[in-house]
Amino acid sequence: MIDTSSLETAADDHASLHSNGAQKEEIVIEQLNNTHNNNNNTIINPNDNRSQSTLDVSKAEKAEKTEMTSSKVESGGKILDYPEGGFGWLVVLASFVVNFWTFGPNIVWGVHQEYHIKAETFPGVDAAQLSWVGSIGTAAMFISGPFVAPMTRFLGLRAVVAIGIFVCSAGLIAASFATELWHLYISQGFLFGAGGGLVFFSSISVTAQYFEKRRGLANGIAVAGSGIGGLALAPLVRELITKVGFRWCLRITGFAVLGFMMAIFAFIRPRVKSAKRGPIFDLSVFSAPGFKPLLFSAFIVTFGYMVPIFLMPTYVVQVIGESADRGATLISVFSGINAVSRICLGVAADKLGRTNTLFTCCFLAGVSCMAIWSASTNMTTLTVFMVCYGLFGGGFISIFPVVVAQVVGVERLSGALGLLYFGNVVGNLLGAPIASAIITAQGGKYSGAIIFAGITPVIAALFILGVRFQYTKKIFAIA
């Protein structure tokens with residue numbers, strides 16, 4: 001005969017187990033959802049009848065989630081806190097190397113240009129035509145900016161970085177086989193610039209995901225790579241051209257780009273996964289207060305920013321009457337000062353305000369052109385100018401991404417930077433050729449080109465001042 005009381009007891013036990021299991025699942029899910037509220041610490045209630053194994057599972061799941069994000073990141077991609085160091089410093093190192101090898105070869109284009117003019121590599125070609133190579137290279141870097149975010153959605157950020165590394169190194173190597181000037185326009189200009197842009201925009205957006213309070217410092221260290229690149233590459237390129245010729249100089253530089261960037265590839269690791277769906281271009285950033293004035297400043301400043309760098313080697317030979325080596329030395333001086341100043345300006349931005357620092361740098365860079373370069377008739381005065389321009393000229397490069405992150409947020413930084421730097425294309429493309437055309441129109445005089453180089457960053461500074469006053473009307477406030 002079947003004992004009905006035993007069956008009822010078993011049924012009750014089964015129901016109790018089922019209820020407890022459901023309760024455990026709810027508690028585990030609740031704990032995972034409350035990760036941000038308990039600072040990753042599990043609080044155990046002594047009256048809690050859950051088994052120790054359930055608590056262990058909960059802890060393990062939370063630890064895995066924390067490890068994957070390196071800190072707290074919401075499912076929507078919004079970063080809730082920042083490591084402010086740790087692996088982030090390796091990301092900064094990677095971004096430093098990227099800046100070294102994407103901006104450095106463009107900074108020293110003036111050394112190449114001076115050689116081509118002297119050696120008549122391309123017969124019948126003048127300085128204005130040659131200056132397009134450097135301009136195209138700089139402009140192409142920023143042309144790729146708006147396409148980084150949509151490419152990242154479809155391919156993943158690391159794939160975009162890999163493509164950029166191979167394209168920019170291939171561009172330099174291909175340039176070594178050029179027999180016509182337009183070959184350099186495509187290879188050393190467009191291919192190198194576009195590939196470098198893919199790597200640059202990807203790395204700079206990842207750096208911002210690891211820092212908030214020290215973001216200015218981290219970004220300053222990262223972009224100091226471009227200054228160090230100019231400092232190291234100017235004499236190196238000059239020496240290589242002298243010893244092995246410009247063709248092998250380009251090949252050696254191309255393989256160096258490939259090798260160094262592949263060495264730091266593993267460190268470019270984003271914390272926020274890109275959404276697979278969404279608009280190709282995130283136009284919502286235009287509604288952010290201050291974004292439009294930033295766009296205008298980015299458009300204007302680059303018309304003059306690279307002019308002193310591109311023209312200096314030729315200026316030293318034609319106006320000062322010194323050798324091309326002295327011109328390359330000035331580029332090194334500028335680059336070295338520029339590298340150190342970017343780190344210092346990053347610290348200043350964190351302490352004194354990011355828009356305050358960006359405005360000051362752009363304004364004083366323009367004033368130094370009009371006040372010091374225009375009066376330079378010897379190497380001493382010219383060196384003073386390059387030191388001043390190195391101190392303030394790098395502010396736009398180092399502080400601008402930090403200001404953009406402040407305006408639109410880190411989560412939209414990559415797309416916003418792409419759109420803003422796309423505004424640089426026209427200035428980077430036409431700035432140096434316009435300055436060269438002004439020199440030609442004035443019969444070889446540089447006064448008009450110097451005023452052109454100085455007035456553009458001053459006008460850009462006024463737009464940045466507009467952004468600053470959208471945050472606060474107080475003159476001496478940190479903003």
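By the ring rule the count comes to 19 aromatic pairs, where rings of Phe, Tyr and Trp (its six-membered ring) pair if their centres lie within 6.5 Å, and planes under 30 degrees apart count as stacked, over 60 as edge-to-face and the rest as tilted.

## How to read the numbers

Residues are numbered from 1 along each chain as its sequence is written. Because this is a predicted model, local features need pLDDT of at least 70 and side-chain atom pairs count only at pLDDT 80 or more, while totals for chains, interfaces and linings use all residues; side-chain values use heavy atoms, leaving out hydrogens and water.

## The overall picture

The protein has 18 helices and zero strands; these are DSSP runs numbered from the N terminus, with helices being H or I of at least four residues and strands E of at least two. Of the 479 residues in the protein, 53% are buried. Contact means heavy atoms within 4.5 Å, and among contacts with a separation of 6 or more, 83% are between residues 24 or more positions apart. The accessible surface comes to about 20700 Å², and 65% of that belongs to carbon and sulfur atoms; the areas come from the Shrake-Rupley method with a 1.4 Å probe, and for residues only the protein chains shown count as cover.

## The nonpolar core

A nonpolar core is a set of buried Ala, Val, Leu, Ile, Met, Phe, Trp, Tyr and Cys residues joined through side-chain atoms within 4.5 Å. The largest one holds 121 residues, and the members that touch the most others are Phe 291, Met 312, Trp 373, Phe 400 and Val 404. Helix 9 (residues 215-263) gives the largest share of this core, 13 residues.

What does Met 312 touch, not counting residues up to four places away in sequence? The list is Leu 330, Ile 331, Trp 373, Leu 382, Phe 385 and Met 386.

## Contacts across the sequence

Ser 144 lies in the loop between helix 5 (127-143) and helix 6, and is buried at a relative accessible area of 8%. Leaving out residues up to four places away, Ser 144 touches Ala 194, Gly 197, Leu 198 and Phe 201. Thr 152, in helix 6 (residues 145-155), is buried as well, at 7%. The C-alpha atoms of Thr 152 and Ser 202 are separated by 8.6 Å, although the two are 50 residues apart along the chain.

Phe 463 belongs to helix 18 (residues 447-471) and is partly exposed, at 29% relative accessibility. Phe 463 and Pro 293 are 170 residues apart in sequence, yet 5.4 Å apart in space, C-alpha to C-alpha. Beyond its neighbours within four places in sequence, Phe 463 is in contact with Pro 293, Phe 296, Ser 297 and Ile 300.

## Salt bridges

The whole structure has four salt bridges, each a side-chain nitrogen of Lys or Arg within 4 Å of a carboxyl oxygen of Asp or Glu. One of them joins Lys 243 to Glu 239, with the closest N and O atoms 3.8 Å apart. These two residues are four apart in helix 9, so about one helical turn separates them. Lys 243 is exposed at 61%, whereas Glu 239 is partly exposed at 42%.

Another salt bridge connects Asp 350 and Arg 354 at 3.3 Å between the closest N and O atoms. Asp 350 is partly exposed at 23%, whereas Arg 354 counts as buried at 14%.

Notes:
Buried means under 20% relative accessible area, exposed over 50%, partly exposed in between (1.4 Å probe, protein chains only).
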